[in-house]
Amino acid sequence: VYPSPVISAGADKYLLEGSFVMLDGKASGNNISYAWTPPTYLDNAAIATPKVTAPQDMIYTLQVTSADGCKASENVAGTILKKIK
């Protein structure tokens, strides 16, 4: 039996409309790979800490897979703070 990866998608994020924020994914395990879904508004969905430029509230899921085929996932919310006009 292979151990499952240990994962954290990080804290929920708040970003000002029109700006960006970095997600704080972290994981440990045997040669893990990262996959954020949906990949929409991410600069790179295959890294732990992608930049998000979402124009609307989003829920992102980080899934990591170890070289042994074991998987773990966790969600993080991104909330947009609207500018007052």
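Which residues make the nonpolar surface patch of about 310 Å²? The points below answer this and comment on the rest of the predicted model.

1. Basis. This is a predicted model, in which local features need pLDDT of at least 70, side-chain atom pairs count only at pLDDT 80 or more, and totals for chains, interfaces and linings use all residues. Residues are numbered from 1 along each chain as its sequence is written, and side-chain values use heavy atoms, with hydrogens and water left out.

2. Surface patch. Y14, L16 and L81 make the nonpolar patch. Patches consist of residues with over 30% relative accessible area and no salt bridge, with like charges joined within 9 Å and nonpolar side chains (Val, Leu, Ile, Met, Phe, Trp, Tyr) within 5 Å; a salt bridge places a side-chain nitrogen of Lys or Arg within 4 Å of a carboxyl oxygen of Asp or Glu. L81 belongs to strand β8 (residues 71-81) and is partly exposed, at a relative accessible area of 41%.

3. Secondary structure. The protein chain contains eight strands and zero helices (DSSP runs, numbered from the N terminus: E of at least two residues for strands, H or I of at least four for helices). The C-alpha atoms fill a box of roughly 55 × 20 × 15 Å along the principal axes.

4. Cis peptide bond. The bond from T37 to P38 is cis, and its omega is near -10°. P38 is placed in the loop between β5 (33-37) and β6 (51-52). Most peptide bonds are trans.

5. Positive phi values. Most residues other than glycine have a negative phi. N31, which is not a glycine, has a positive phi of about 50°; N31 lies in the loop between β4 (26-28) and β5. N31 counts as exposed because its relative accessibility is 62% (exposed is over 50%, buried under 20% and partly exposed in between, with a 1.4 Å probe and protein chains only). Y41 also shows a positive phi, near 70°, and is found in the loop between β5 and β6. At 31% relative accessibility, Y41 is therefore partly exposed.

6. Burial and contacts. Of the 85 residues of the protein chain, 31% count as buried. Among contacts (heavy atoms within 4.5 Å) between residues at least 6 apart in sequence, 53% join residues at least 24 apart.

7. Surface. The accessible surface of the protein chain is about 5100 Å², with 54% belonging to carbon and sulfur atoms; areas come from the Shrake-Rupley method with a 1.4 Å probe, and for residues only the protein chains shown count as cover.
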